[in-house]
Amino acid sequence: MIHAAEGVAEVTDTTFDAEVLAADLPVLVEFTADWCGPCRQLAPVLSAIAVEEAGRVKVVQIDVDHNPGIASRYAVLATPTLMVFRSGEPVKSMVGARPKRRLLQELEDVFETV
């Protein structure tokens, strides 16, 4: 079981299409693994964004070890990888943990079009 960030749903190979690709809002997906240290550092950042930006973005996590299909579909090679999906398409990809302020700056263009 991954270190679930509070307020952040976990998706799987099975639920990914319905939860992410069919979502009305842009979706920030963290590709994570329970052995990933930087992923643990990112958990509180994602929790805060999930709460503060609730009406503008949906935040989910997917464990790459237990869900290799989705990781492979989007060529995810490192954790944490953050990908933003809008209208079923990946529109942004970032690799590595980052502080909340920097992540929000990187996501501004995604939010502006909501």
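User: What share of the contacts with a separation of 6 or more comes from residues 24 or more positions apart?
Analyst: In this predicted model, residues 24 or more positions apart account for 73% of the contacts in the protein chain with a separation of 6 or more.

User: How many helices and strands are there?
Analyst: The protein chain has 4 helices and 5 strands. Their order along the sequence is β-α-β-α-β-α-β-β-α.

User: And how compact is the chain for its length?
Analyst: As compact as a globular protein of that length, because its radius of gyration is 12 Å, close to the 13 Å that the globule rule gives for 114 residues. The C-alpha trace spans about 35 × 25 × 20 Å along its principal axes.

User: What percentage of the residues is buried?
Analyst: Of the 114 residues in the protein chain, 48% are buried.

User: Switching to charges. How many salt bridges does a search of the whole structure find?
Analyst: The search finds 7. One of them joins the side chains of Glu52 and Lys100, at 2.8 Å from N to O.

User: Where do Glu52 and Lys100 sit?
Analyst: Glu52 is in helix α2, residues 37–52, and Lys100 is in helix α4, residues 100–112. The two are 48 residues apart, so the pair links distant parts of the chain.

User: Which residue does Asp109 form a salt bridge with?
Analyst: Lys92, with the closest N and O atoms 3.3 Å apart.

User: How accessible are Asp109 and Lys92?
Analyst: Asp109 is partly exposed at 41% relative accessibility. Lys92 is partly exposed too, with a relative accessible area of 22%.

User: Glu106 next. What does its side chain meet in a salt bridge?
Analyst: The side chain of Arg102, at 3.6 Å from N to O. Both residues lie in helix α4, 4 residues apart, which is about one turn of the helix.

User: What are the accessibilities of Glu106 and Arg102?
Analyst: Glu106 has 21% relative accessibility, so it counts as partly exposed. Arg102 has a relative accessible area of 41% and is partly exposed as well.

User: Which residues are linked with them in a network?
Analyst: Arg98 belongs to it: Arg98, Arg102 and Glu106 are linked in a network of salt bridges.

User: Back to β5. In which sense does it pair with β4, parallel or antiparallel?
Analyst: Antiparallel, over 6 bridges, with strand β4 covering residues 81–86. Within that pairing, Thr81 stands opposite Val95 in β5.

Notes. Residues numbered from 1 in each chain as written. Predicted model: local features only at pLDDT ≥ 70, side-chain atom pairs only at ≥ 80, totals over all residues. Heavy atoms only, no water. Salt bridge = Lys/Arg side-chain N within 4 Å of Asp/Glu carboxyl O. Buried < 20%, exposed > 50% of the residue type's maximum accessible area, 1.4 Å probe, protein only. Pairing = 2+ DSSP bridges. Rg over C-alpha atoms; globule rule 2.2 N^0.38 Å. Contact = heavy atoms within 4.5 Å.
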